[in-house]
Amino acid sequence: MDGRALKDALGAGLARVAGDVDLINQLNVFPVPDGDTGVNMYHTLNRAWQEIADSSSDDVSEIAQRFAQGALMGARGNSGTILSQLLKGFADGLDSAARLTPALLVRSCRAAMERAYAAVSQPVEGTILTVAREAIETLEADNPAAETLDDVMAALVTAAEESLAGTPQKLPILKEAGVVDAGGMGLLSFLRGLQGSESVAETARARPRGAAPAGAVSGIDGEFGYDVQFIMRGAGMNLSLMRRDFEALGDSVIVVGDDTTIKVHLHVDNPARPIDYAIAVGAALDDIVVENMQLQYQTLAAQMPQPTISTGPETASDVAVIAVAEGPGIQSVYRELNCARVINGGPGKSPAAEDFISAVEQVPADHVIILPNDPNIALAAQQAAELIPERAVTVLPTDTALHGISAMVAFGDGVDSGADLDTLAKKMAEAAADCRVLSLTQATRASEIGGRAINKCDYIAFIDGRLESAAIDMESALAQAMPKLVTDETELMSLYFGAALSPRDAGRLIEHLSRRFAALEFELIDGGQSLYPILLSVE
Amino acid sequence: MTSRRIRIAADSVCDLPEEIVSAFGIGIIPTYISAGGESIPDDGHSLSRARFYRDLPGMRPYPTTAAPSPGDAEAFYRSLVEDGAEHIVSIHVPAQLSGTINAMRLGAEAAGADKISIVDSLQLTFGIGFQVWAAAELAASPDAGVPGILETIERVRRHTRVYAIIRTMEYLRRSGRVNAMAAGLGGLIKISPVIAVDDGEVKSIGRVRTWSRAVARLRELTLAQAPLCRLAILHVANESGAERFLDSIQDVAPSDTLVIETTPTVGTHIGPGAIGVATLSNDWRR
């Protein structure tokens with residue numbers, strides 16, 4: 001296989017993942033609305049694709065290295081980050097070879113897996129890592145002398161399928177949720193695309209026409225963003241001449257009919273051009289339908305707004321903090337606490353490694369501390385730190401934006417008291433660890449967690465990642481979880497209400513809570529966060 | 001007390017109780033609080049501190065504080081001279097925080113500056129008080145000289161620490177002071193600052209989320225200064241809090257530890273509920 005063939009295969013892999021995004025997203029262990037594994041893996045690969053989209057190199061190592069470099073920069077979420085490490089390991093495993101042979105493919109897959117394991121400080125089994133490892137181990141054991149690349153790929157895909165099916169046995173939360181690992185699924189989807197086989201959706205899922213995210217594969221199948229259909233009515237029209245002219249204008253051209261009625265369908269980047277042409281030849285147009293094929297892609301993109309980085313006050317300190325936070329109110333709290341840069345992101349909206357890199361580059365401080373504020377964002381932040389070894393960057397793996405706020409208070413405390421960097425980082429980590437956070441949202445599907453049945457749309461409350469209550473109304477879900485949150489030591493309860501909740505409703509909740517916990521102090525903050533109507537921390 | 005050659009003077013921000021003031025014949029010039037359209041001298045009887053602090057949260061417009069006028073200062077110095085003072089050592093609230101020193105200088109020029117040494121205490125409340133107290137003790141001995149008194153003041157200052165914890169940033173913001181310090185304390189979330197008076201400035205030296213952590217921090221800061229020669233527990237309308245705090249540091253508190261409701265000149269800025277300490281460590285005598 002040469003570089004061009006590898007490029008085609010990688011493009012097919014990206015296209016496959018693009019088609020499977022929703023399916024992968026839905027494999028969320030908790031029925032919460034922040035499943036973004038599919039979107040993250042897709043964006044990671046799409047960023048990788050940009051590096052090779054214009055390349056016509058026939059050198060597999062060059063293509064693989066450039067693709068891997070793009071993936072490292074674009075890595076989002078834990079699975080996207082691990083995928084980028086797999087790609088980098090694979091590219092390094094090629095060892096500058098210009099052609100890919102079956103033996104080299106096997107060797108490079110092992111290098112890919114080993115690099116991905118090395119990149120994760122505490123590898124968890126039952127995830128994308130396991131699928132990568134077991135697939136390559138099975139491949140090595142069962143097909144020591146695979147003769148063609150197709151044989152190797154087929155064996156790899158089969159082994160990955162078997163491994164993925166086994167992930168619930170390795171990771172209890174998967175078993176309980178009745179799903180396979182989303183990242184593993186994403187990897188399988190990519191491998192199948194490379195191999196040239198079908199979607200991971202075994203069953204033929206009805207998809208609306210044009211819903212395969214055409215924008216996502218732009219650069220692979222062409223650049224045509226609009227699906228245009230119309231009927232031309234006239235007299236003595238030359239069907240074959242018009243078909244030739246429409247074919248010159250766009251892609252996927254269908255021109256059928258007779259000399260009085262012609263049905264036209266095509267994909268174009270400018271919908272005005274075929275319509276102008278039809279009018280110019282004197283036809284009357286009927287049933288004009290113009291669809292933007294980018295729309296689904298844009299829906300994906302809307303789930304993943306380009307992270308904006310907002311600037312906080314410049315401080316005299318030689319240590320600066322960069323945090324990921326979402327919701328205007330929560331972001332304001334960060335700025336007030338002297339956070340140098342706030343990257344817009346959070347659950348379900350993972351920034352890419354390169355977003356962290358550009359934030360770090362904007363901050364002149366000698367040392368930068370990053371608060372990823374989500375377990376699924378930390379790995380990309382860590383990868384960013386490793387991609388810019390010339391900058392001193394520490395990632396403090398905070399779990400939520402509220403844990404991060406506790407760390408920010410400790411940062412201010414440390415700076416005021418003249419703490420050195422190590423003390424500062426230690427105090428911030430301790431403050432985050434001491435902080436307890438309740439997150440309340442609505443179930444996106446029926447589920448059963450820890451023997452507790454959850455109906456779709458139930459309000460569910462998590463404390464430090466554990467489901468603590470489920471109820472049909474917010475007040476009850478909150479009330480049931482409280483005993484797990486409030487202890488004799490609790491003094492202060494801070495309620496950040498999300499965009500879905502009105503200040504009045506939030507005020508009423510606080511009123512209930514303050515009657516129940518009369519000894520506590522309360523504060524109510526208009527956080528404006530999405531997905532979680534209530535985030536609540538106690539100190 | 002007309003026999004004293006060297007008299008010690010201060011402004012009312014020094015927070016020295018009446019017993020000490022009268023025992024050493026210390027001259028105290030009041031600063032002023034402007035509240036409800038009146039300018040009230042902080043002279044210990046024109047203004048009830050308890051009542052003032054009780055009313056403070058609702059006062060509109062918010063009270064302001066004012067230095068004595070140069071005329072007040074001149075009259076103050078003249079009365080001490082008439083009382084027999086050959087030299088006056090006059091110790092005051094820092095120039096960076098108040099116009100008092102400036103007024104005292106102008107008053108001193110009018111009253112005969114050669115007899116008056118004006119000292120910027122670079123401190124507040126009992127941080128000034130310790131300097132005034134030690135200076136007055138020394139001035140009471142017959143062979144005391146001005147240079148020795150000035151040197152004592154300097155030494156006391158070096159071994160003095162003043163810390164406070166504040167219930168809310170609201171009063172600091174209302175008072176329009178310490179803007180730089182209040183950076184990062186904008187009020188979206190509740191933060192209790194830990195402040196220190198150092199070198200004539202009020203600085204934030206820590207910020208915590210809850211009052212009990214603030215109290216714990218104040219305790220740590222106090223214990224770090226032990227062994228103590230003198231200690232004053234300061235408060236703003238929070239005597240019970242101050243007494244509880246004193247209990248918590250009983251092991252290091254000298255027997256003559258004072259619990260002081262601090263002057264409205266300071267309390268207006270930090271607000272009801274605040275607790276503070278002024279410490280003078282034993283080392284100062286060395």
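In chain B, 20 residues of domain 1 are in contact with 18 residues of domain 2, where contact means that the C-beta atoms, placed from the backbone, lie within 7 Å. Helix H5 (126-139) and helix H6 (146-158) of chain B are the elements that give two or more residues to the domain 1 side. Helices here are DSSP runs of H or I with at least four residues, strands are runs of E with at least two, and both are numbered from the N terminus. H5(B) provides the largest share of that side, four residues. By class, the domain 1 side divides into nine nonpolar, seven polar and four charged residues. Nonpolar covers Ala, Val, Leu, Ile, Met, Phe, Trp, Tyr, Cys and Pro; charged covers Asp, Glu, Lys and Arg; the others, Gly among them, are polar.

This is a predicted model, in which local features need pLDDT of at least 70 and side-chain atom pairs count only at pLDDT 80 or more, while totals for chains, interfaces and linings use all residues. Residues are numbered from 1 along each chain as its sequence is written, and chains are lettered from A and ligands numbered from 1 in the order in which they are written.

Back to the domains. Domain 1 of chain B is 6-31 + 67-157 and domain 2 is 160-285, with bounds from an automatic or database domain assignment. Their C-alpha centres lie 24 Å apart.

Chain B as a whole has 10 helices and 13 strands. Its radius of gyration, taken over C-alpha atoms, is 18 Å, close to the 19 Å that the globule rule gives for 286 residues, so chain B is as compact as a globular protein of that length. The rule is 2.2 Å times the number of residues to the power 0.38.

Next, the two chains together. 15 residues of chain B are in contact with 17 residues of chain A. On the chain B side, strand S10 (residues 201-208) gives the most, five residues.

Now chain A. Strands S15 (residues 492-497) and S16 (residues 521-526) of chain A pair in the parallel sense over six bridges; pairing requires at least two DSSP bridges. A:Ser494 stands opposite A:Glu523 in S16(A).

Last, confidence. pLDDT is the predictor's confidence in each residue, from 0 to 100. Chain A has a mean of 85, and 89% of its residues reach 70 or more. Which element of chain A has the lowest confidence? Helix H13 (residues 294-303) of chain A does, at a mean of 51. Over residues 201-224 of chain A, pLDDT stays under 50. Where pLDDT is low, the predicted coordinates should not be read in detail.

Notes: Two residues are in contact if their C-beta atoms, placed from the backbone, lie within 7 Å.
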